[in-house]
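This report describes one protein model in plain terms. Look at the sequence and the structure first, then read on.

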Amino acid sequence: MALIKAYKGISPKWGKECYFSENATIVGDVIMGDEGSVWFNAAVRGDVARCILGNRVNVQDGSCLHVTNFGGKERPTEDFINGNDIMLEDDVTVGHNATLHACHVKRGALIGMGSIVLDKAVVGEGAVVAAGALVLGGTQIGDHEIWAGVPAKFVKKTRPNQAESFAQHYVEYSKIYLEADAQEK
């Protein structure tokens, strides 16, 4: 069972058919939709602000999702994204060993392996952040764009469904793992 931990009285919440690997860590104010997955050695830390993950979001092995604190102020209670939270909309794929910090990743985007996306960056719908890229804080990546490099820069537009297809693969993988876990019980 994954390490699922409350922080200051706030516990993670998730929808139906989610898969969490045995050594995944999910802490605090984390809200995840249906059919999401957090894989081996990945951490989703909603301790000082919110981590909001939509349906079919997959956070792959070794990745870290974290947030920015409110500078000593009380956490807002309104249900909206702000510059301190992290939001991953439906069908987002976070590749192995990626780090996302207080950013907004829109529907169907793909965050490549080993990439870093920093505070207040916005990754557009169906966009691709290439493996190893560094997306600086405040960067605005347009819908269906590919960005690569250090710091990341626009490379070209994506092919149709280039990023979006990855999320469905991980829903299928997670179902296999869920089934295997059920058989072991």
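Which element supplies the largest share of the lining of the largest pocket? The answer is H1, with four residues. This is a predicted model, in which local features need pLDDT of at least 70 and side-chain atom pairs count only at pLDDT 80 or more, while totals for chains, interfaces and linings use all residues. Residues are numbered from 1 along each chain as its sequence is written, and side-chain values use heavy atoms, with hydrogens and water left out.

**Overall form**

The protein has one helix and 20 strands. Helices (H or I, at least four residues) and strands (E, at least two) are DSSP runs, numbered from the N terminus. The radius of gyration, taken over C-alpha atoms, is 16 Å, close to the 16 Å that the globule rule gives for 185 residues, so the protein is as compact as a globular protein of that length. The globule rule is 2.2 Å times the number of residues to the power 0.38. The C-alpha trace spans about 50 × 40 × 25 Å along the principal axes. Of the 185 residues, 47% are buried. Buried means under 20% relative accessible area, exposed means over 50%, and partly exposed lies in between (1.4 Å probe, protein chains only).

**The largest pocket**

A pocket is an open set of points on a 1 Å grid over the protein atoms alone, where a 1.4 Å probe fits, with protein on both sides within 12 Å along at least five of seven lines; lining residues have an atom within 4 Å of a point. The largest pocket has a volume of about 240 Å³. That volume is the space filled by probe spheres set on the points, and grid points are joined across faces, edges and corners. Strand S3 (19-20) and helix H1 (165-184) each supply at least two residues of the lining. Among the lining residues are Met1, Tyr19, Phe20, Leu178 and Lys185. By class, the lining has seven nonpolar, one polar and four charged residues. Here Ala, Val, Leu, Ile, Met, Phe, Trp, Tyr, Cys and Pro count as nonpolar, Asp, Glu, Lys and Arg as charged, and the others, Gly among them, as polar.

**From S3 into the sheet**

S3 also belongs to an open sheet of eight strands, with mixed pairing and the order S3-S5-S7-S10-S13-S16-S19-S20. S3 and strand S20 (153-157) stand at the edges, each with a single partner strand, so one side of each is left without a neighbour in the sheet. Two strands pair if DSSP finds at least two bridges between them. S3 and strand S5 (residues 37-38) run parallel and are joined by two bridges; Tyr19 has Ser37 in S5 as its bridge partner.

S19 and S20 form a hairpin with four residues between them, and Gly149 in the turn has a positive phi of about 100°. The loop between S19 and S20 also holds Pro151, which is joined to Val150 by a cis peptide bond with omega about -5°.

**Strand S6**

Nine of the eleven residues of S6 are buried, so the strand is largely enclosed by the rest of the structure.

| Partner of S6 | Bridges | Source of the pairing |
|---|---|---|
| S4 (residues 25-32) | seven | parallel |
| S8 (residues 64-66) | two | parallel |
| S9 (residues 86-88) | three | parallel |

**Aromatic rings**

Rings of Phe, Tyr and Trp (its six-membered ring) pair if their centres lie within 6.5 Å; planes under 30 degrees apart count as stacked, over 60 as edge-to-face and the rest as tilted. By this rule there are eight aromatic pairs. Tyr19 and Trp39 form a tilted pair, 4.9 Å centre to centre with 50° between the planes. Tyr19 lies in strand S3 and Trp39 in the loop between S5 and strand S6 (43-53), so the pair ties together parts that are 20 residues apart in sequence. The rings of Trp39 and Tyr170 have centres 5.6 Å apart and planes at 80°, so that pair is edge-to-face. Tyr170 lies in helix H1, 131 residues from Trp39. Both Trp39 and Tyr170 are buried, and Tyr19 is buried as well.
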